[in-house]
Amino acid sequence: MGNSTEAIVQESLDALMEDQSFLPELKDLDRKKAFSSLHSILSTPDHVNKSFLRISLENGEVERIPAFRVQHNKMLGPYKGGIRFHQTVSEEEVSNFAALMTLKNALHEVPFGGGKGGVIINPREYSAKELNLICKKYVQNFNENLGPDKDIPAPDLGTGEREMDWMMGEYKNIHPGLPYRGSFTGKSVINGGSLGRRKATGKGVYLSFRYMLNDFVKKQEKWLSERDNRFARTALEHVDKPLSIAVQGFGNVGSVAALEAYQCTYLKNKVVAVSDHNVTLYNSEGLDIPNLVEYASNHEGDLPTNEEQLGKAEVKAIIRNRDDLLTMDTDVLILAALESQIHQENVKDVKARIIVEGANAPITREADQYLSDNGVIIIPDILANAGGAIVSYLEWLQGRDTQFLSEEQVYEQMYDKMKHTYDTIFPEFYGDPFPLRQNCYIHAVMKISTIIYRQGKLF
Ligand code: NAD
């Protein structure tokens, strides 16, 4: 497990050990030993699988590409987590994300464990034929570990429906006659994918913000105002106010979250800035998000980068440097691009008072501490971006039953599950000294620890 997740898991275990109402039958030395064992179990992955994919490139050369599948913990069900194609992938990063998946599934009561995959490539530098070969080799090389009841990958950065379709096809070839639909999620609908999967994470990300402010804080204003808590004060300052929102990343997660914010008519929100890997676009009156979505969908996902392109998109905006968005004077910042975007060097310039983590781990531990100390509300990744994981579970179920849900039914079930988690987390968050992230971890660790203990694994 990467350092930051490990440290927070350790803090959660420390808090739970002190709380004698949690597993009260464990006392004194037995309690100490049990919590030390839990730390060992949760801080190390079950398996770190590494392989080199042998690929014949179209130019005739052969390349060996490093690839990983880390299986962190399966106490709650088969391992589950995306496969990332990116040049910055590393064993440590994949292991950290696998642990986050264990915690995310536990928090939202999805009956899966945590896993994650990665391939060290820049997918933009490979042809479709080469990527197809990379996907097939990935399945061949990790075949023994994968399967609908063992480990179920999904898309992540650099992969999507196309790659999942290819991988499921290869899995089916290797296992003729066996059930295969549940082997991968995030597939195209024609291949057994779920309606609504692509938009699920972005919709859930916006829901987490809206639900916190409008459904929780607004209804609990009196209760919150009686508490001398830095986060409660920040929340109350933002209720029923027109809020400006900036969204970093304009892919599956960011563009959908921005569109949800734009379309949410009963909150007075304006999306004033969006960014992608090239550029930030800013308009203090609010950006025309539908036109930007339309433009990006016709330009390989990219936002307009000059006046001519803005004209074609019919969007009024000022063009700024890519990273300017992070420190703009907005109320809310939705981070939906990459990890470690807010760090020691830029954290003091961040002005947003509410930050929503659409991406996994977009804030470093040091920056997180600084922001929390200053009363900035951070809706953490495992709480905010679980929509995709939840709909992946629905996809897996639909693949088993061969009964398919409508898009509305998918969102309804996803919202119900997320709201159930929010209803558990939000009230406690303001009542005690922990930031929201720590509370989410405590809940997730509590759930897994109880199961580990009840299944007699601490002897
Ligand atoms: P994506 O590839 O569809 O989009 C990524 C976006 O980020 C693109 O617009 C890209 O241009 C932009 N980007 C890249 N580098 C940037 C930078 N330095 N500054 C600003 N923008 C930058 O990916 P996605 O599916 O939208 O995922 C975004 C993040 O959310 C990833 O970290 C992913 O792991 C995480 N996540 C995704 C899902 C999901 O269901 N898609 C679920 C949970 C978490």
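Reader: Is Leu 338 buried, partly exposed or exposed, and why?

Author: This is a predicted model, and in it Leu 338 has a relative accessible area of 31%. Buried would need under 20% and exposed over 50%, so Leu 338 counts as partly exposed.

Reader: Where is Leu 338 found?

Author: Leu 338 sits in a loop, the one running between β10 (332–335) and β11 (354–357).

Reader: And which residues is Leu 338 in contact with, leaving aside neighbours within four places in sequence?

Author: There are Leu 157, Ala 359 and Pro 362.

Reader: What is the phi of Asp 240, then?

Author: Asp 240 has a positive phi too, about 55°, and is not a glycine. Asp 240 is placed in the loop between α8 (230–238) and β6 (243–248). With 49% relative accessibility, Asp 240 counts as partly exposed.

Reader: Changing topic: how many cavities of 30 Å³ or more does the count give?

Author: The count comes to 1 cavity. The largest cavity has a volume of about 30 Å³.

Reader: Which residues line the largest cavity?

Author: The lining is made of Arg 84, Val 89, Glu 93, Val 94, Phe 97, Lys 116, Gly 117, Gly 118 and Asp 156. Two elements, α3 (91–107) and β4 (114–119), each give two or more residues to that lining. By class, the lining has 4 charged, 3 nonpolar and 2 polar residues.

Reader: Where is Gln 87?

Author: Gln 87 lies in the loop between β3 (79–85) and α3. Gln 87 is partly exposed, at a relative accessible area of 42%.

Reader: What does Gln 87 touch, not counting residues up to four places away in sequence?

Author: Gln 87 touches Ile 120, Ile 121 and Asn 122. As for Gly 311, that residue is 224 residues from Gln 87 in sequence, and their C-alpha atoms are 33 Å apart in space.

Reader: Let's zoom out. How many helices and strands are in the protein chain?

Author: The chain has 16 helices and 12 strands. Its radius of gyration is 22 Å, close to the 23 Å that the globule rule gives for 459 residues, so the chain is as compact as a globular protein of that length. Along the principal axes, the C-alpha atoms fill a box of roughly 70 × 60 × 45 Å.

Reader: And what share of the residues counts as buried?

Author: That is 57% of the 459 residues. The chain exposes about 19600 Å², of which carbon and sulfur atoms supply 47%.

Reader: Last one: among contacts between residues at least 6 apart in sequence, what share joins residues at least 24 apart?

Author: The share is 70% for the protein chain.

Conventions: Residues numbered from 1 in each chain as written. Predicted model: local features only at pLDDT ≥ 70, side-chain atom pairs only at ≥ 80, totals over all residues. Heavy atoms only, no water. 1 Å grid on protein atoms, 1.4 Å probe; cavity = no way out; pocket = protein on both sides within 12 Å on 5 of 7 lines; lining within 4 Å. Points joined across faces, edges and corners; volume = space filled by probe spheres on them. Helix = DSSP H or I, 4+ residues; strand = E, 2+ residues; numbered from the N terminus. Nonpolar A, V, L, I, M, F, W, Y, C, P; charged D, E, K, R; others polar. Rg over C-alpha atoms; globule rule 2.2 N^0.38 Å. Buried < 20%, exposed > 50% of the residue type's maximum accessible area, 1.4 Å probe, protein only. Contact = heavy atoms within 4.5 Å. Areas by Shrake-Rupley, 256 points an atom, 1.4 Å probe, with all protein chains shown as cover.
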